[in-house]
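Morning, everyone. Please bring up the model on your screens, and we'll walk through its charged pairs and then its surface.

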Amino acid sequence: MSGWLAVWRKELTIFLATPIFYLTGFVFLLLAGYFFYANIAYYALLSFQAGQNPFLATMLTPLQMIYRPFFGNLAVLWLFLVPLLTMRLFAEEKRSGTAELLFTFPLTDWAVILGKFAAALAVCALFLAATLIYSLALLAIIKVDWGAVAAGYLGLVLLTSAFLSLGIFSSTLTENQIIAAVIAFGLLLLFWLIGWYEEIGAASLQGIFHYLSMLGHFETFARGVLDTRDVLFYLMFSFFFLFLTKRQLESRRWRA
């Protein structure tokens, strides 16, 4: 496990030197800001209408009307942007021939994998932290339930780590970055939508598809609720695809 920090610093430096980092960050923060303030505007409109409807007023909370859809929007953004961040992590190493050089260093496979994973997660965490500016601005007019907001952000971090682990695995399957991004997006979309099958599929499989649905597990966090079962799911999902990444690297070494 030693040496992962050196890989992390190397990958983070590369991220900061590539246009994809700034382009992804710009798109993410621009769309996140739009969604956040659109939710505020809708909340303000309904609050005005609630003045004549006491029942509607009891249903309007910042968490329900602003943060829950906001967290859902950020999750969808990661669905599209994470493949762009992970596509080069191993695919570019394989294309340029530096992968063989990398594994000649006194580094374990896990050190390389975790270093790249931690660098990508740090980039995503930086983007998420920047969205806290929106909440700080909101404090001037609305009281924020920081406990529920923290649960939502924890869910986003766990969801992002799961996305990244699958994206990194996809990057080991090919030398072409675009193909790696397409594979990652397709698999992420599958796990995102698989829960929909429980309503139309066989009864014996409904529970399985519901458990595998990344959307189903994230909805609990978006409501401001922390459930250890959902935390465990994302941790297991991340470890599973990081483990597959290690096996893929080992199989390539055997073939060589």
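A salt bridge, for this talk, is a side-chain nitrogen of Lys or Arg within 4 Å of a carboxyl oxygen of Asp or Glu. Keep in mind that this is a predicted model. I'll take some of them in turn.

Start with Lys10 and Glu11. These two form a salt bridge, and their closest N and O atoms are 3.0 Å apart. Are they buried or exposed? Lys10 is partly exposed, at 35% relative accessible area. Glu11 is buried, at 0%. Buried here means under 20%, and exposed means over 50%.

Next, Asp227 and Arg229. Their side chains also meet in a salt bridge, at 2.8 Å from N to O. Look at the cover on each partner. Asp227 has a relative accessible area of 17%, so Asp227 counts as buried. Arg229 comes out at 61%, so Arg229 counts as exposed.

Now go to helix 13, residues 228-255. Here Lys246 and Glu250 pair up, with 2.2 Å from N to O. Where do the two sit along the helix? They are four residues apart, so about one helical turn separates them. Both Lys246 and Glu250 are buried.

Some of them share partners, and that joins Lys10, Glu11, Arg88 and Lys116 into one network.

Which residues make the nonpolar patch? They are Ile208, Tyr211, Leu212, Leu232 and Met236. The patch covers about 460 Å².

Which elements give two or more residues to it? Helix 11, residues 203-212, and helix 13. Helix 11 supplies the largest share, with three residues.

Take Ile208 as an example. Ile208 lies in helix 11. Ile208 is at 48%, so Ile208 passes the area cut-off, and Ile208 counts as partly exposed.

Notes:
Residues are numbered from 1 along each chain as its sequence is written. This is a predicted model: local features need pLDDT of at least 70, side-chain atom pairs count only at pLDDT 80 or more; totals for chains, interfaces and linings use all residues. Side-chain values use heavy atoms; hydrogens and water are left out. Buried means under 20% relative accessible area, exposed over 50%, partly exposed in between (1.4 Å probe, protein chains only). Patches are made of residues with over 30% relative accessible area and no salt bridge: like charges are joined within 9 Å, nonpolar side chains (Val, Leu, Ile, Met, Phe, Trp, Tyr) within 5 Å. Accessible areas come from the Shrake-Rupley method with a 1.4 Å probe; for residues, only the protein chains shown count as cover.
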